[in-house]
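The sequence and the structure are shown first, and the description comes after them.

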Amino acid sequence: MAGLAVILGLGLLALVSVNAEMTNIFAMTNTKLLTEHFAGGDHYSSVFNTRRLSVEFFEHYSNVTLEDLTANSRLPSLQDLECLTDLALLSKELSSSKFWALKMIDSWGLLPSGMLVGNFWNLGNFDECIAIDHAVTSSHSIKGKYCISKVAPAPTALPILALKSAVCFPASCSAANMDTMLRRLFQQLLSVEIGPDVTIVAEETCQTAVKKPYDGLAIFTIVIVSILGALVGSCTIFDYFVCKDAKTIHPVVKAFSARANSRALFRIVDTKANPNVIDCLHGIRCLSFIWVVYGHEYMVIATSPNINMGYLLTWLNSFYSLFVKHAVYAVDSFFFLSGLLLVVIALRSLERTKGKLNIPLMYLHRYLRLTPILAIAILFYVKILPLWGSGPLKGSIGFDDYSACESTWYWTLLYVQNYATDSLCLSHSWYLAVDMQLYIFAPFLLICLYKWGKKAAAGIFVLMLLLAGCLFSIMVINNLSLGSGGDSMRRLYYATQTRASPYLIGILFGYFLHINRGKEFKLNPLAVLLGWLIALSLLASCLFAVYGQNTLPIVEEAFYVSLTRIAWPLGLCWVVFACMHGYGGLANSFLSSPLWQPLSRLSYSAYIFHMFIESFNGGITHTSTYFSDYQVMLRFWSDFGFTILFSYLMHILIEAPFAALESLLLPAKRPSSKPAALVEPRMPEVKATVEESPVEEPAQATSTIPDE
């Protein structure tokens with residue numbers, strides 16, 4: 001143990017020294033980049049010689065006129081006249097050093113310090129600005145309006161180098177007024193001609209203390225959640241005080257009882273007595289979900305105001321960043337699990353029913369299991385998230401423009417958003433669409449496997465290779481790279497045909513487990529070692545094969561993307577096989593721990609709402625942050641903890657009750673003899689035994705996928 005500690009200590013010291021050296025290298029290259037884009041020394045010096053922006057502004061506009069407020073000599077409006085009056089009074093009160101007027105200046109952002117290492121933000125003091133409320137008359141008062149201004153310090157500066165600073169104005173002034181005045185001020189201070197196509201102050205960045213009134217849909221959402229809360233509360237009280245034991249409780253009361261659902265959620269099931277259980281899937285599912293949330297945390301931090309944003313470029317080339325950038329393989333893990341669980345359950349059901357499969361009922365089960373909480377989530381993202389919390393970055397830090405849901409929400413509920421629109425309502429819901437589309441196609445593969453066995457499996461294998469070749473061809477012929485975003489994401493990342501390989505491998509592996517169920521595999525130690533070496537080599541190649549390669553030629557990237565989508569699930573096949581048959585060792589002990597079971601059952605709800613928590617916490621940021629792996633880890637654990645708490649609430653209010661009602665309305669057919677359980681389900685009311693409908697278990701496989 002002492003030797004191991006010494007090795008780890010030396011490794012950490014080496015990483016620290018390398019990190020420091022890379023940071024210094026970036027500082028020099030970033031200085032050169034900034035100097036070049038500041039058009040030499042003149043603009044560079046102008047920026048640093050500027051006094052506080054608020055002082056420059058109010059000194060320049062000490063005698064503000066209507067001409068200063070309006071652009072293109074347009075006729076002034078009543079709002080312009082009110083803004084002019086308030087600005088004139090503010091200027092007068094500043095000369096008298098009135099406290100409220102000084103607060104208006106004091107809340108402005110400053111010139112960011114540390115621009116040479118990537119600090120381009122200064123958020124000022126948000127709360128000080130919006131708290132200003134100076135009564136002028138009994139019917140009129142001057143309130144503070146907080147906005148973010150953005151300006152490039154030189155005509156040739158890159159957009160990423162734009163300086164972003166907080167400004168505070170009377171609320172009677174519009175963003176257009178502020179934009180006009182600041183445009184003229186910057187032209188004088190920096191001698192920079194700012195084109196009309198560049199917006200310095202946008203209305204969407206502005207906030208006041210006045211809250212927007214609730215619209216009809218927001219009220220509807222609150223009412224629906226309140227009704228569900230009342231049902232859960234009343235049924236829980238009835239269950240606790242009236243029902244003597246769980247057997248006598250009415251099924252509807254049990255469906256809404258938080259006590260009953262919590263008991264099922266946190267129930268730890270001993271699966272060692274059943275040889276057919278694949279309990280390591282709980283650990284794989286939960287680790288993949290944690291990987292997803294952790295990867296998305298970096299996406300939030302990357303769009304946040306960091307005082308060392310320049311270090312992010314250095315971090316992207318680091319070894320550790322590979323674990324974050326390649327969190328996309330959690331997608332393939334879940335497609336693999338979904339195909340595996342579907343086949344293992346469905347083929348046993350086909351054997352019992354002699355080849356009969358109620359496909360419409362399968363689809364209905366699936367849709368009713370996934371959709372209620374997704375529908376409520378859309379309402380929460382669109383209507384509840386804007387009402388919670390306050391901060392200078394509210395609505396601008398996160399993953400999506402949730403206003404797109406107003407026109408694309410129905411595509412999400414139909415699970416076709418990955419093809420039907422370029423404006424995804426919830427970006428991470430693309431996985432649900434792909435998984436649903438694969439699920440719609442899967443019953444036909446199941447029937448083929450049941451009727452033609454290994455011949456059908458060979459056909460599925462060929463289909464998998466053809467789809468991998470299709471992905472390769474699309475990338476090479478169209479010169480599409482995953483890193484280019486835009487259309488490439490839609491055609492390469494969101495498209496069902498390009499994501500099907502792991503799902504089909506899961507189906508093939510599930511068929512292998514099905515035809516070999518009950519069979520003992522006795523492998524010699526060399527074969528076990530070779531299996532682990534091959535599996536770990538496949539997984540490691542997916543993660544580390546492109547280390548040090550910022551860009552790849554399109555042919556090499558196409559080979560890498562298409563082959564890794566096969567290699568990753570193949571590596572998982574051995575992990576699952578080894579854990580099932582006693583060759584997993586420490587991996588099986590860890591992945592099969594019963595402590596994963598509650599989190600596994602919460603995984604779908606947590607996947608849906610984890611971006612809600614991350615976007616919320618990112619939006620209430622009031623000051624610039626510091627980027628480092630440790631700081632992200634600190635932020636991750638807080639976001640992850642609140643995600644689990646919030647998903648538990650949503651599970652109790654929505655997911656578990658609707659799943660229980662669905663089971664009551666559409667009960668699955670059960671045989672007289674009860675077979676062994678396959679895996680403990682995510683949803684508490686589902687028994688996840690092999691006699692269940694094929695829709696039951698795969699529904700839980702749609703848990704968490706990253707949107708990189």
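## Overall make-up

The structure is a predicted model. Its secondary structure comprises 28 helices and four strands. Of the 708 residues in the protein, 53% are buried.

When contacts between residues at least 6 apart in sequence are considered, 78% of them join residues at least 24 apart.

## Packing of α15 and α19

Two packed helices are described by the angle between their axes and the distance between the axes. For α15 and helix α19 (residues 430-452), the angle is about 35° and the axes are 10 Å apart. The crossing of α15 and α19 is right-handed.

On the α15 side, the residues that meet α19 include V331, F334, F335, S338 and L342. On the α19 side, the residues that meet α15 include W430, Y431, V434, D435 and L438. The residues of this contact between α15 and α19 divide into 17 nonpolar, one polar and two charged.

## Packing of α26 and α27

Helix α26 (residues 596-619) packs with helix α27 (residues 629-665) at an angle of about 125°, and their axes lie 7 Å apart. This angle makes α26 oblique to α27. The crossing of α26 and α27 is right-handed.

In the contact of α26 with α27, 13 residues are nonpolar, seven are polar and five are charged.

## Nonpolar cores

The largest nonpolar core has 149 residues. Those with the most contacts inside this core are L281, F336, F380, W430, F609 and F612. Helix α15 (residues 329-352) gives the most to the core, with 15 residues.

Leaving aside residues up to four places away in sequence, F380 touches T221, V225, L385, F609, F612, F646 and M650. A second, separate core has 46 residues, among them A101, W121, I130 and L393.

L653 is found in helix α27. With a relative accessible area of 11%, L653 is buried, because buried means under 20% relative accessible area. L653 touches V225, L228, G229 and V232, not counting residues up to four places away in sequence. The C-alpha atoms of L653 and I227 are separated by 9.7 Å, although these residues are 426 residues apart along the chain.

L666 belongs to the loop between α27 and α28 (696-701). Not counting residues up to four places away in sequence, L666 touches L361, L364, H365 and L368. L666 and L368 are 298 residues apart along the chain, with their C-alpha atoms separated by 10.0 Å.

## Loop residues with positive phi

S97 lies in the loop between α5 (78-95) and α6 (99-106). S97 is not a glycine, yet it has a positive phi of about 55°. At 49% relative accessibility, S97 counts as partly exposed.

K354 is found in the loop between α15 and α16 (359-384). Phi of K354, a residue other than glycine, has a positive value near 60°. K354 counts as exposed, at 73% relative accessibility, because exposed means over 50% relative accessible area.

Technical notes: Residues numbered from 1 in each chain as written. Predicted model: local features only at pLDDT ≥ 70, side-chain atom pairs only at ≥ 80, totals over all residues. Heavy atoms only, no water. Axes fitted to C-alpha atoms, helices over the stretch in contact; angles between N-to-C directions. Helix = DSSP H or I, 4+ residues; strand = E, 2+ residues; numbered from the N terminus. Parallel < 35°, antiparallel > 145°, perpendicular 65-115°, else oblique. Left-handed = near helix turned anticlockwise from the far one by under 90°. Nonpolar A, V, L, I, M, F, W, Y, C, P; charged D, E, K, R; others polar. Core = buried A, V, L, I, M, F, W, Y, C linked by side-chain atoms within 4.5 Å. Buried < 20%, exposed > 50% of the residue type's maximum accessible area, 1.4 Å probe, protein only. Contact = heavy atoms within 4.5 Å.
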